[in-house]
Amino acid sequence: MSSRITRPWSDGPQHPRLADGDVDIWHLTLPSSWNSSCDELFGLLDQREQDRARQMPRPADQASHVVAHAGLRDVLGRYLGAAPQSLRFSTGRHGKPYLADTRLSFSLSHTTGGALVAVSIPGPVGVDVESATGPDRSALADRFFSPREAQVLRTTPESDVPSRFLTYWTCKESFVKALGLGLSHPLNRFEIRFTDAPRQAEIWSAGRRRDEWHVRQLELPPPYVGAVTVRHRPRHLRTWTWRPQSVARPALPTP
Ligand SMILES: CC(C)(COP(=O)(O)OP(=O)(O)OC[C@H]1O[C@@H](n2cnc3c(N)ncnc32)[C@H](O)[C@@H]1OP(=O)(O)O)[C@@H](O)C(=O)NCCC(=O)NCCS
């Protein structure tokens, strides 16, 4: 993937413009508890998003959900020149959200304390973020990774295994999210291969390189590990920070 990276993670513009082939990644900080900002952002969500928040038993999860989805709406609204609360999402067969009547493709991923929104023209795009503070899941590699990927992990120095596992995992998840299939697509049916080009990876399946797909590892603030996959060669990959303060917020009822 050829890409030019702007000054990383500076505050994102209010009126971003995307040209064909551009990919923007927005980093959102998620709160660890419900706060006054959540009260206000809750009003940007549609009924379904609000109901999902209400059904979450832990206030911390409610808060993360509200900020992630309000952030997603605000980010997309900035590109489309639309109010965040006016966006109407549709959902693909396997759960991938999309907006009808626009070429803008997007993907959301969240983990403890942080979320990423990837925005791209054209699509599709998939993004995944994981926190390295979570439990070590590298034992899953034998079950979910290709034989070659699992072998790479077996020959990795023990102290590097958790982070290498997350690198593979986020690249793989970003691909199945770009496909829109999520985990219904077996993760061991395809393979991530890293190249000499820094932070770039290829997708291989059935013994063939899938040239149309471009995977990029993201340089994220620790403890986050993330990757984005797009089905075009990006011209630019820009990284922005989203802050809730810049959203025009109506005051509406809390969950
Ligand atoms: C999509 C999936 C890979 C997400 O993985 P995850 O690491 O748990 O979660 P992430 O935070 O990275 O991504 C979640 C977001 O991805 C998006 N998403 C959901 N399904 C998606 C799909 N099929 N493709 C792409 N994106 C999807 C949503 O925006 C979701 O956010 P939300 O849950 O807050 O609405 C996984 O949950 C999944 O595959 N779900 C579908 C399960 C499935 O395939 N069932 C079989 C149906 S036949």
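Colleague: Where is Pro 122 found?
Modeller: Start with the terms: elements are DSSP runs numbered from the N terminus, helices (H or I) with at least four residues and strands (E) with at least two. Pro 122 is found in the loop between strand E6 (114–120) and E7.

Colleague: Which pLDDT do local features need in this predicted model?
Modeller: Residues are numbered from 1 along each chain as its sequence is written. The model is predicted: totals for chains, interfaces and linings use all residues, side-chain atom pairs count only at pLDDT 80 or more, and local features need pLDDT of at least 70.

Colleague: What is omega for the peptide bond from Gly 123 to Pro 124?
Modeller: Two cis bonds need checking here. The bond from Ile 121 to Pro 122 is cis, with omega near -5°. The bond from Gly 123 to Pro 124 is also cis, with omega near -5°.

Colleague: Is Pro 124 buried or exposed?
Modeller: Pro 124 sits in the loop between E6 and E7. Burial counts other C-beta atoms, placed from the backbone, within 10 Å of a residue's own: 20 or more is buried, 12 or fewer is exposed, and in between is partly exposed. Pro 124 has 20 such atoms, so its class is buried.

Colleague: Which residues does Pro 124 touch, not counting those up to four places away in sequence?
Modeller: Contact requires C-beta atoms, placed from the backbone, within 7 Å. Leaving out residues up to four places away in sequence, Pro 124 touches Ser 105, Ala 178, Gly 180 and Arg 231.

Colleague: Which residues have the most contacts inside the largest nonpolar core?
Modeller: A nonpolar core joins buried Ala, Val, Leu, Ile, Met, Phe, Trp, Tyr and Cys residues through C-beta atoms within 7 Å. Ala 118 touches Val 23, Ile 25, Phe 106, Ser 107, Val 125, Val 127 and Val 228, not counting residues up to four places away in sequence. The largest core has 55 residues, and those with the most contacts inside it are Val 66, Val 117, Ala 118 and Val 228.

Colleague: Which strand gives the most to the shell around the ligand?
Modeller: The 18 residues around the ligand have Gly 95, Lys 96, Ser 109, Gly 182 and Leu 183 as the closest. Strand E5 (105–111), strand E7 (125–131) and helix H6 (161–179) each supply at least two shell residues. With four residues, the element that gives the most is E5.

Colleague: How many charged residues does the shell around the ligand have?
Modeller: Nonpolar covers Ala, Val, Leu, Ile, Met, Phe, Trp, Tyr, Cys and Pro; charged covers Asp, Glu, Lys and Arg; the others, Gly among them, are polar. The shell has five nonpolar and nine polar residues, and its charged residues number four.

Colleague: Which are the edge strands of the open sheet?
Modeller: Strands pair if DSSP finds at least two bridges between them. Five strands form the open sheet in the order E1-E13-E2-E6-E5, with mixed pairing. Those that pair on one side only, the edge strands, are strand E1 (10–11) and E5.

Colleague: In E13, which residue is the bridge partner of Trp 26?
Modeller: Strand E2 (residues 23–29) and strand E13 (residues 237–242) run parallel, joined by six bridges. In E13, the partner of Trp 26 is Trp 240.

Colleague: In E12, which residue is the bridge partner of Gln 217?
Modeller: Four of the five residues of strand E11 (residues 214–218) are buried, so E11 is largely enclosed by the rest of the structure. E11 runs antiparallel to strand E12 (residues 224–230), with five bridges, and the two form a hairpin with five residues between them. In E12, Gln 217 has as its bridge partner Ala 227.

Colleague: Is Ala 206 buried or exposed?
Modeller: Ala 206 lies in the loop between E9 and strand E10 (208–209). Its phi is positive, about 50°, although it is not a glycine. Ala 206 has 8 other C-beta atoms within 10 Å, so its class is exposed.

Key:
A residue is near a molecule or strand if its C-beta atom, placed from the backbone, lies within 6 Å of it. Two residues are in contact if their C-beta atoms, placed from the backbone, lie within 7 Å.
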